[in-house]
Amino acid sequence: MSQTSPNLIIGTLGPKHSHAWQAAVLHALDAAPAAELQAFPHTAGLLAAFAAGEIDRAVIPVYNTREGGGKQYFGLFRQISEGWWISNVVLPVSLSLGVFAPEIQPQELRGLLGRRAVFRQCEDYISRTFPDIALTSVHDLEAALARLQAQGGDETLRHGVIDTGEMLAAHGLHVAERELAPHSRTRYAVLDRELAKPSGYDSTALLTRPLDDRVGLLVDILGEFSRRGINILDMSSENDPQTQKLQVYLEAEGHIEDEAMAGAVAQIEERIVGQKNCIRLLGCFPRVDMRPKHIRSVGFIGTGDMSAWFAERLENEGYRVFMSGRSTELRPEQMIPDVDVVLICVPISVTAATVRQYGPLLADGKALILLAGEAEETLQAALEATSSGVEVMLVHNLWGPQAAAMKDKNAVVVRTRRSGKFCAEFEAFLYKHGASIQYDSAARHDLLMGIGQKLPTAVSVALAMTLAENQITAEEIAGHCTLTSLYPILAMARAHSQNPRTYAEILSMRGESGKIVQDFARNLEQVTAMAGRAEIQELCGLMERNRSHLTERFLRSRMEQAKAVDQVLGAML
C-alpha cells in the first residue's frame with residue numbers, strides 16, 4: 001500500500017456527513033487516523049483527482065443491497081486507468097427525510113431533492129409515500145441546498161431533502177421521517193496506487209476485456225475456478241457499450257499470488273480465451289463478509305494429513321485455527337478453553353477414547369465436531385462425556401487428503417439433538433465448498449459404511465491374498481481381465497498403494513458395518529454352493545430378485561456410468 005503517514009489524503013464523494021464521507025472516515029480510522037479527507041461532488045472529479053495524484057486514495061461506492069443490479073463495476077473501472085482496489089468499507093445506510101421548517105408535514109411537500117443513488121435506494125418509500133412528487137436529482141447536494149435556501153419563500157418550504165440525518169442537521173434541516181430504506185447497506189471500494197499484499201483471507205477482483213462470442217465461453221471460464229476449488233463470490237456481465245462484446249466481472253476467494261488463482265487466470269488467458277492479457281486485475285483485498293459468522297476459532301485434536309487438509313481451508317475462510325496432538329507443543333487441554341469449536345480427527349480405533357478424555361473439558365456454549373468414520377459408539381461417547389450445553393455433531397468426509405477440493409465429493413453428516421448454530425455453520429462451510437452432504441442416523445451411517453468402505457476393503461485384501469496363494473502376477477491380470485473384472489482389481493490396487501493403517505482401521509470398525517461383511521460372507525457361501533451344484537435356473541431367479549430390489553432406474557443410470565468408465569479403461573488395456 002502507499003503511505004500511511006499523517007499527510008495521506010483520502011478523497012470521497014461529498015458532501016461532508018454523507019454516507020460516502022462516513023465510509024472514508026471509517027477507512028481513515030482503520031488505516032491512517034491522521035489522514036486528510038477531501039470531498040468531491042461527483043465520481044468523475046474524484047477519479048480525475050486520483051489519476052492526477054492530487055489524492056492518495058479514493059473511497060467510491062460500488063454496490064448497494066437495495067439497488068439490486070445497480071453495481072457500478074463496469075462503468076467505474078472503465079474510468080480508472082491506474083491504481084488497485086485494496087480494501088472495502090461496508091456501511092449500513094440510514095436515510096432520513098429533512099424539511100426546512102419543523103411544522104412542515106411530509107404530505108405538504110411538492111418536491112424532493114437528493115442524489116440519484118439515494119433516490120434509487122428509497123424507491124419503495126418514495127413510490128408509496130409520494131407517488132406524484134417531483135424529484136430533483138443533483139450531483140452536488142451542498143450547492144443545490146445553498147441555492148434553495150438562498151431562494152427562500154414558500155417554494156423552498158415545499159421541498160424535502162433525503163440524505164443522512166447528520167448531513168440534514170449540519171445544514172439546518174429538521175428530520176421528518178427516519179429509516180426510509182431499511183436493511184440497506186453500501187459497499188465502498190478503496191483505491192490505492194499499490195496492490196495489497198496477501199492477508200490470508202483475501203478476494204481478487206477481475207474484469208475481462210471485451211471477449212469474442214463463443215458457445216460455452218462463460219461456463220469454461222467459471223469451470224477453471226471451480227475445478228481448483230476457488231469459490232466465486234460475485235459475478236456479473238454486460239456488453240461493452242462500444243464493441244457490444246461480452247465483459248465479465250468476477251470476484252473470487254483468494255489472492256492473485258496464490259498458486260490456484262494465478263493458475264486459473266493463466267489457463268483462461270492461454271487456453272480458454274486464447275488472448276494474452278484478456279483479464280484485467282482490478283485488485284486484491286481482505287474478504288468482505290456480508291453474513292455474520294458465529295465461529296471465530298477452531299481447534300484440532302489430531303495433527304494428521306486430514307486435519308491439516310481441513311485446517312488450511314478453514315484458515316482460508318478467516319477462522320483462527322489451532323493444532324494440538326501428541327507431537328505438538330500446544331496440548332489439547334490448553335487449547336480447548338480458547339476455541340469455539342473442537343474438531344477431533346484421530347484414527348477410528350482411538351476416537352471414542354479421545355472423546356472421553358477431552359470431552360469433559362468443553363464448556364457450555366462450545367461445540368464438539370467429530371471427523372470420524374464410525375458414528376454410533378463415537379457419538380454416544382461424545383454425548384456422555386460433554387455437558388448438555390455443548391453442541392455435538394459427526395462429519396464423515398469420504399475423501400482423503402490427496403483431494404484438491406471437496407467439490408462433488410460425499411460428506412455424511414450425523415446430527416444429534418445438541419447440534420446447534422456452530423454445527424450449522426460448519427455444514428455451511430462444507431456446502432459452500434461443493435461437498436455433497438448426506439444426512440444419516442448414527443446406526444444407519446455405520447450400516448452404509450459397511451457397504452461403502454468396510455466390505456470393499458475386505459474384498460480387496462482377500463483378493464490380493466488369493467492372487468498370492470495362486471501365484472498370479474500383476475502382468476497376468478492385465479491380459480486376462482474383462483472390463484467388468486477390472487473394477488475390483490483397481491479397488492485392490494488403490495487400497496494397497498496407500499497407508500495400510502487407514503484400511504486396517506476401516507476393517508476394524510465395529511457396530512452395524514460388521515453386519516454387512518458377515519451377511520456378504522454368508523451370501524457368498526450360498527452363491528458359491530449354488531454355482532457348484534450348477535443350479536443355473538435358480539441363480540437366474542436370484543439375480544432377477546436382486547434386479548427388482550436395485551430398480552431399473554438405478555441400474556440404468558449406473559450402467560451409463562459404467563460405459564463411460566469402460567471407454568477410459570478400454571484404452572488402457
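This is a predicted model: local features need pLDDT of at least 70, side-chain atom pairs count only at pLDDT 80 or more; totals for chains, interfaces and linings use all residues.
In soluble globular proteins, nonpolar side chains tend to be buried together. The largest nonpolar core here has 41 residues. Those with the most contacts inside this core are Ile 10, Ile 55, Phe 77, Trp 85, Leu 191 and Tyr 249. Helix H1 (residues 19–31) gives the core its largest share, five residues. Another core lies apart from the largest one. This other core has 30 residues, including Val 298, Met 306, Leu 314 and Met 393.

Helix H2 spans residues 43–51. Its buried residues are Leu 46, Leu 47, Ala 49 and Phe 50. Seen down the axis of H2, these residues fall within an arc of 160°, so they line one face of the helix. Their cover includes strands E1 (9–13), E2 (36–40), E3 (57–64) and E10 (185–192). Helix H3 (73–79) is also part of that cover. Just after H2, Gly 53 adopts a positive phi of about 80°.

Helices H11 (residues 305–316) and H15 (residues 421–432) form a crossing pair. Their axes come within 12 Å and cross at roughly 95°. The two helices are therefore roughly perpendicular to each other. H11 contributes Phe 310, Arg 313 and Leu 314 to the contact. H15 contributes Phe 426, Phe 429 and Leu 430. By class, the contact has five nonpolar residues, one charged residue and no polar residues.

Definitions and conventions: Residues are numbered from 1 along each chain as its sequence is written. Side-chain values use heavy atoms; hydrogens and water are left out. Axes are lines fitted to C-alpha atoms, for helices over the stretch in contact, and angles run from 0 to 180 degrees between N-to-C directions. Helices (H or I, at least four residues) and strands (E, at least two) are DSSP runs, numbered from the N terminus. Angles under 35 degrees count as roughly parallel, over 145 as roughly antiparallel, 65 to 115 as roughly perpendicular and the rest as oblique. Contact means heavy atoms within 4.5 Å. Ala, Val, Leu, Ile, Met, Phe, Trp, Tyr, Cys and Pro count as nonpolar, Asp, Glu, Lys and Arg as charged, and the others, Gly among them, as polar. Buried means under 20% relative accessible area, exposed over 50%, partly exposed in between (1.4 Å probe, protein chains only). The arc is that of the directions from the helix axis to the C-beta atoms. A nonpolar core is a set of buried Ala, Val, Leu, Ile, Met, Phe, Trp, Tyr and Cys residues joined through side-chain atoms within 4.5 Å.
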